[in-house]
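Thank you all for coming.

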Amino acid sequence: MAETYQEGSGAGADFDLSQFYQIFFEEAGENLDQMEQMLLNLDLSSANDEELNGIFRCAHSIKGGSATFGFSDVAELTHQMESLLDRLRRHELQPIPQMVDVLLESADASRSLLARHQAGGQGEAVSTTSLVRRISDLAAGLVPGDTAPVVAAPPPSAPAPAPVAAAPAPKPSSSSAPGQARQLEIQIGPLDRPEQADAIKELFRDIPGLGAIRDVPGSPPNTRVFAVETTSTNDDLLDLFAFHVAKEQVLIRDAAGDGSAGPDDEATAAVDTSGGEAPYGFFNGAPGAPHGEATQAVHAPAPQAPKAATRVAAEPKAAMQAQMESTTIRVDVKKVDQLINLVGELVITQAMLAQNSRGLDAGAYQQLLAGLADLDRNTRDLQESVMSIRMIPMSIVFSRFPRMLRDLANKLGKKVELVTLGEATELDKGLVEKITDPLTHLVRNSCDHGIEMPADRLAKGKSEHGTITLSASHQGGSIVIEVRDDGRGLSREKILSKAQERGIEVSEQMSDAEVWQLIFAPGFSTADEVTDVSGRGVGMDVVKRNIAALNGSVEIDSAEGYGMKVSVRLPLTLAIMDGMSVGVGEEVYILPLSSVVESFQVNADDVSTVAQGSQLVKVRDEYMPVIALEKIFQVPRFDLNKSSNIMVVVEADGSRVALLVDELLGQHQVVVKNLESNYRKVPNVSGATILGDGTVALILDTGGLVRRARH
Amino acid sequence: MSVIGKAADAAPTGAREYLTFRLDQEEYGIDILKVQEIRGYEPPTRIANAPDFIKGVVNLRGTIVPIVDMRIKFNCAQADYNSFTVVIILNLRNRVVGIVVDSVSDVMELTPESIRSAPDIESAIDNSCILGLGSVGERMLILLDIEKLMSSVDMGLVTANE
């Protein structure tokens, strides 16, 4: 339970995160919905690991996101939820209905906190203090009695940790809009020694920017009243004051008296008034409550606080619903796919109409032909717009990371540089959405576990700055996204011993690749301590699951002491590609434009034959192998007058070959379709695409062709 | 290009509906629930180094669908492609495959009693892919387990280790 939550450094950002707020809010909303659903369906008597892991992952994702964006109140609450869920999924605790209750309430609270952030931080925030307390109670193994709603707090003068206090006082949420100077009247006491309160004045002197404080004369004996002008929130003030006086002895009133006190303060006030002159009267009989103490702190009775919280939550919720009608809509990818397919059909129909109308007399059918020309243009535009819905460059994903890494590195005290490559690689939107979370986990992992502290790096003879490289590229029929770091790498021994501890069957004979795969097991972590960054072992599990769901694969390459590389390979479903179409005989093939170096007309005497019959062509002092597509693809020849006399030089894996084709037909963007979904892998072919006339053309796997020629 | 409605499997007798088609002089039946649609033949894009009965792939509303000519697979004497050639699009465990046949006849309901087990005969396909022989009047239907047939390795539609 020794986890504390650190606030991410929010100020001084050199990078605007707000463009991603909307995405985060939507994602968080979905995660909350999902969590709620799973909590409601949870069978307490026989909760299986899968369900608990699922709920845990939801909380984890929300926490990660809100920490990244600096919504510390949400991150803090979900962090607590996560702690409880973590103990549940490790079977250290038995799930009980109270846990579900408190988790559901926390989900509601998170929702309204998020709604408040979404609305720009206006309005009253829900206090999460009591929720946090209840969660940590439950996580500590305490089962609150159903009929004992009143929990006596430890006396303020002796903050001996009751189980409640075992959890470090979490930073409560800000309860009013920061940044606005407010006039407050703060009453402290009654105290045994009113001099204690004077220390608070020193606080204002010592902490720059906190505000101004002055004594208000005429306060009752044993109490002090101050007039304060500050921009800080009530909760922040209470936290500060807690160094000198117990929170419960502080009463913050708005000087204007409009009762803008947070729910916590209301609760305090309620106790104050109902207690009257003898605030401890309620609890005279409570065991362990010290008598004779001049002041008796009373925690707000647990059941009251959440009520107050929900009351406050009601209003931001209404605001949230209004906000949810935003400028973007989230559409099922299937619907977009359907749209794309329908447009494809339309294009074919249009092409057919154009073909059939060619013989018509332009004079007699002028209007019809004009209409067809319009149809042609509109179909083209429509197709382009529909395609553009799905395709976005990887830079959208990558640009999330500089800020995240910067904050993370600051928090961990590390020095990290981020290098991104291949940002222009276009990726299907569906893939981008699904790849973002796994990538975030990978980058966090690299920073937290991979990169060493600057001193350690220097000791190992490395540069002080660690480097994390993110790269994206099209390779053959896939998109490969790599996260590389030059940190400490994976330790084979550590992973094997950790796996043995967890009861996974391992042996010394396992290959490195097999050992690396172990880190994908749920809950597996080699981190020595759990931080809010990583170490709970949820990351790699999620990464693998998300990527497997995309029919992709994750490979790990690592050398201890030198770093590690995680390659995520995704199939090119619907990825768009710049292609060059070439004709061979009657057939059309597509070459990825990125691999085409040059093309030229070839003379017979440029080509020389080597002993085994393979051909070489000399291009500017370089001999390269010739591959005749006609032979490789057994293209039938009907027109013997035509022959292949054009060479297209392609490059892959660093080597070049010349492809012999009949003609160059043009360049265009093609939507890559997977051949394997209904057929199987075809040698030298990475996929297929649909041409403008509706026929299918195969896309060549230049990597495969080059390998074939070089062997 | 008609779409066959999916038949409700409600008959208490356990009768099932079969789509029947002709290959040369033989008549075959396949489970109607496996049929997605029936369309005319359009020239597919040839795939190099594929078996000769795999004619290639076509674009079916954005999906790349392989086309298998059953007449070549079943060693029929003739395999002409004209405006009457028919392709049956099958949906087998989320894989879409088209098969070329000479003609589609009709949809028939067969009760289990009217299906005889097939004798051991030598044919171009594995005997286990033949569910039985259905007799309707004077006609004999060869009932195919089309899913098993299409996923067998020698059809070349899937790689051996799949």
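Predicted model: local features only at pLDDT ≥ 70, side-chain atom pairs only at ≥ 80, totals over all residues.

How many helices and how many strands are there in chain B? There are 2 helices and 11 strands in chain B, where helices are DSSP runs of H or I of at least four residues and strands are runs of E of at least two, numbered from the N terminus.

Residues are numbered from 1 along each chain as its sequence is written, and chains are lettered from A and ligands numbered from 1 in the order in which they are written.

Along the sequence, the elements of chain B come in the order β-β-β-β-β-α-β-β-β-β-β-β-α. Chain B has 162 residues, and 31% of them count as buried, a residue being buried if 20 or more other C-beta atoms lie within 10 Å of its own, exposed if 12 or fewer, and partly exposed in between, with C-beta atoms placed from the backbone. If we take the contacts in chain B between residues at least 6 apart in sequence, 57% join residues at least 24 apart, and contact here requires that the two C-beta atoms, placed from the backbone, lie within 7 Å.

Turning to the interface, 23 residues of chain A are in contact with 20 residues of chain B. On the chain A side, the elements that give two or more residues are α11 (333-356), β21 (685-690) and β22 (696-700), and the largest share, 4 residues, comes from α11(A). That side divides into 12 nonpolar, 6 polar and 5 charged residues, where Ala, Val, Leu, Ile, Met, Phe, Trp, Tyr, Cys and Pro count as nonpolar, Asp, Glu, Lys and Arg as charged, and the others, Gly among them, as polar.

Now to helix packing within chain A. Helix α1 (residues 21-41) and helix α4 (residues 97-118) of chain A pack at an angle of about 165°, with their axes 10 Å apart; axes are lines fitted to C-alpha atoms, for helices over the stretch in contact, and angles run from 0 to 180 degrees between N-to-C directions. That angle makes α1(A) roughly antiparallel to α4(A), given that angles under 35 degrees count as roughly parallel, over 145 as roughly antiparallel, 65 to 115 as roughly perpendicular and the rest as oblique. Their contact includes Phe25(A) and Leu32(A) of α1(A), and Leu103(A) and Leu114(A) of α4(A), and by class it has 10 nonpolar, 2 polar and 2 charged residues.

Leaving aside its neighbours within four places in sequence, Glu417(A) is in contact with His465(A) and Thr467(A), and the C-alpha atoms of Glu417(A) and His465(A), 48 residues apart along the chain, are separated by 6.5 Å.
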